[in-house]
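Dear colleague,

I am passing on the structure below, together with some notes on one helix and a group of strands. Please look through it before reading on.

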Amino acid sequence: MALVNEHFLKLPNNYLFADISKKVNAFKVQHPTAGVISLGIGDVTRPLCPAVVEAIHKAADEMGTEGGFHGYGPEQGYAFLREAIVKNDFLPRGIHLDPSEIFVNDGAKSDTGNIQELVRWDNSIGVTDPIYPVYIDSNVMIGRAGVVNDGRWSNVVYMPCTAGNGFVPQLPDRRVDIIYLCYPNNPTGTVLSKDELRKWVNYALRNDTLIFFDAAYEAYIQNPDIPHSIYEIKGARKVAIEFHSYSKTAGFTGVRCGYTVVPKEVTAATLEGERISLHKLWYRRQCTKFNGASYISQRAAEATYTPEGREQVRQTIGYYMENARLMRNALTALGLRVDGGEDAPYLWVQTPDGEGSWRFFEQMLYNAHVVCTPGVGFGPSGEGYVRLTAFGDRDSCLEALDRIGRWLG
């Protein structure tokens, strides 16, 4: 008899965004003429930039020739992309990486969920709260999170990010084996200064802690003093693995490409105290379970680093950040507390009078026909907030703001 992995049974019945989709679809069936506008799920709406489209066409044409056809590629990714990543994303910031430390993937979500395979099931984990659900859910699946009680997992150390601390998480008061950080943050849209990020690196160095750092939204940072990579901090190469994505940066949610940085200095210990290179283990894992991102998507990603591609991507990011500015101004004018939206495409909005997140979600859907994401879906500290995204079409975004204004005004 095959026995099920019972840790899966501990998960909530549905993934957060699946629950939202179910509720929205039910509303649409009941109100077919409502014209629902989504400011909830963080999918992009702008088309791929011309440089990327041209690269995709060229790569597809290559694949149609005997001399240009590509089958299985390197599990780590093609050298042309890994070298472009090092040259463009890191060297300008004074970060020296070897291309062999770059692992190209089919999107950051896969690797942020799979990276926990490298460490023992009984490691302790710490997360900022609220947080992207995949970090905790992937640890639940392996049995690392314990049991859930009132929205909190027994083996997870929660580090609240609230209005009271300016959404800056405090260091744990005890040692934690693994810490997840996401900056710019999803869902709050807030960032960490270099001094604050240095505190986390120093904590990890002192406590032999491993940091999983999700930098998927770093391209949206507007403030020149905010770090784009944890490797801007001295010593981070010894304790941190970093994740990047082209999904929101270049509109690749339907193309699928990203990358993970695993420095060769990062290690974890055996029970006997032997230090093991996580770079070596991740390479072994990828060779076993992953056949690499497609040649076409990697050529598309490479095109974002050309002069034309960089400018076109910059314009797309500017479009979304202008949406964020308009949203922030309009919602603030309605008397709502709004955080984020300045160095990230997410706005973290406090519900009026402490109304519950799901209740406010339903009220906005039924009264304004606009979709948000309930903050409590990101963790206990998210209760009383909703997340809005700036990834919408400009006209739809303005229409949504008008509807919300008429509803709350």
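In this predicted model, the buried residues of helix α3 are covered by elements that include the strands β2 (102-105), β9 (240-245) and β10 (258-261), along with α8 (295-303) and α9 (307-333). Helix α3 itself takes in residues 79-90, and its twelve residues reach 16 Å from the first C-alpha to the last, which is close to the 16 Å expected at 1.5 Å a residue. Nine of those twelve residues are buried, so that the helix counts as mostly covered, given that buried stands for under 20% relative accessible area. The buried residues are F80, L81, R82, A84, I85, V86, N88, D89 and F90.

The other part concerns strand β14, made up of residues 346-350, which is also mostly covered, with four of its five residues buried. Strand β14 pairs with β13 (residues 338-340), and the two run antiparallel and are joined by three bridges; one of the pairings sets G340 against its bridge partner L347 in β14. β13 and β14 form a hairpin in which five residues lie between the strands, and G341, in the turn, has a positive phi of about 80°.

Strand β14 is also joined to β17 (residues 385-389), by five bridges, and these two strands likewise run antiparallel. Within that pairing, Y346 stands opposite T389 of β17. Taken together, β14 has bridges to β13 and to β17.

With best regards

Definitions and conventions. Residues numbered from 1 in each chain as written. Predicted model: local features only at pLDDT ≥ 70, side-chain atom pairs only at ≥ 80, totals over all residues. Heavy atoms only, no water. Expected span 1.5 Å × (residues − 1). Buried < 20%, exposed > 50% of the residue type's maximum accessible area, 1.4 Å probe, protein only. Contact = heavy atoms within 4.5 Å. Pairing = 2+ DSSP bridges.
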